[in-house]
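Work through the exercises below with the sequence and the model at hand. Each task is followed by a solution in steps.

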Amino acid sequence: MENLVYRFQKLAGIITELYQEKKDSTFTHDNIEYSLNKLERLVDKSKPIDIEVSKLKWILKYTKIFKFRVEKANIKYPILITKYGKRWVVLDGAHRLQKAINENIKLLPAIKVTQEILSKAKLKD
C-alpha cells in the first residue's frame, strides 16, 4: 500500500523533489565505492516495486544503525537494492528498513538497481 501511495504522489506531482543525501555521500558495496547521489539520479525515473522486509532483514547485522536516523527515516521513499549472489542487498535505505521492522511493516517500496546502473555510479576503478 505504501508503494502505491508513493507512486500516486510522484505521478500527481505531490512528491517532486529528487531524494538526495549530502552532496558527497558515498557507499561501499563489495569493496567498491559509489556515489549515492549519482545513483539516485540514475534511478530517479525507475518504478518502485514492493519487496518483503523479511528478505532484507539479514543485512542489518552487518550495518551500523543510528536510532536518530531511524526515527527521521521516511519510508515513503524507495530503498535501493541490488542482487548479490542469491540475496537482495540494501544499497541505500537501511534506516528505512529498520523503521519498517520497528513498525511491523511487511512491504517496502524498493528500486532494483542493475549491475549496469551500479557501475555508472562507481567513483573509481
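**Exercise 1. Classify D44 and K45 by accessibility, and identify the contact between their side chains.**

Step 1. D44 has a relative accessible area of 21% and is therefore partly exposed; the classes are buried under 20%, exposed over 50% and partly exposed in between, with a 1.4 Å probe and protein chains only. K45, at 76%, is exposed.

Step 2. The two residues form a salt bridge, and their closest N and O atoms are 3.7 Å apart. The term requires a side-chain nitrogen of Lys or Arg within 4 Å of a carboxyl oxygen of Asp or Glu.

Step 3. The model is predicted, so local features need pLDDT of at least 70 and side-chain atom pairs count only at pLDDT 80 or more, while totals for chains, interfaces and linings use all residues. Residues are numbered from 1 along each chain as its sequence is written, and side-chain values use heavy atoms, with hydrogens and water left out.

**Exercise 2. How many salt bridges are there by this rule, and are D92 and R96 buried or exposed?**

Step 1. The count is 2 salt bridges. One of them joins the side chains of D92 and R96, with an N to O distance of 2.7 Å.

Step 2. D92 has a relative accessible area of 9% and is buried. R96 is buried too, at 5%.

**Exercise 3. Describe the hairpin of β1 and β2.**

Step 1. Strand β1 covers residues 26-29 and strand β2 residues 32-35. Helices (H or I, at least four residues) and strands (E, at least two) are DSSP runs numbered from the N terminus.

Step 2. The two strands pair in the antiparallel sense over 4 bridges; pairing requires that DSSP finds at least two bridges between two strands. Within this pairing, T26 stands opposite S35.

Step 3. There are 2 residues between the strands, and D30 in the turn has a positive phi of about 55 degrees.

Step 4. F27 and H29 form the covered face of β1, T26 and T28 the uncovered one. In a regular strand the side chains alternate between the two faces of the sheet.

**Exercise 4. What is the strand order of the open sheet, and how does α4 pack on it?**

Step 1. The sheet has 4 strands in the order β3-β6-β4-β5, with mixed pairing. Its edge strands, each pairing on one side only, are β3 (49-52) and β5. Neighbouring strands are turned by 55 degrees against each other on average, direction ignored. Axes are lines fitted to C-alpha atoms, for helices over the stretch in contact, and angles run from 0 to 180 degrees between N-to-C directions.

Step 2. Helix α4 touches β4, β5 and β6, and its direction makes about 115 degrees with that of β5.

Step 3. β4 and β5 run antiparallel and are joined by 5 bridges. K83 is opposite W88, and T82 has V89 as its bridge partner. The hairpin of β4 and β5 has 2 residues between its strands, with G85 in the turn at a positive phi of about 70 degrees.

Step 4. Of the 6 residues of β5, 5 are buried, so this strand is largely enclosed by the rest of the structure.

**Exercise 5. Which residues have the most contacts inside the largest nonpolar core, and which elements each supply at least two residues of this core?**

Step 1. A nonpolar core is a set of buried Ala, Val, Leu, Ile, Met, Phe, Trp, Tyr and Cys residues joined through side-chain atoms within 4.5 Å. The largest has 16 residues, and those with the most contacts inside it are I51, L56, I79, I81, V90, L97 and L108.

Step 2. At least two residues come from each of β4 (79-84), β5 (87-92), α4 (94-102) and β6 (107-112).

Step 3. A second, separate core has 11 residues, including F27, Y34, L80 and L118.

**Exercise 6. Find what V53 is in contact with, leaving aside neighbours within four places in sequence.**

Step 1. V53 lies in the loop between β3 and α3 (67-72) and is buried, at 4% relative accessible area.

Step 2. Its contacts (heavy atoms within 4.5 Å) are L97, A100, I101, I105, K106, L107 and L108.

Step 3. V53 and I101 are 48 residues apart along the chain, yet their C-alpha atoms are separated by 7.2 Å.
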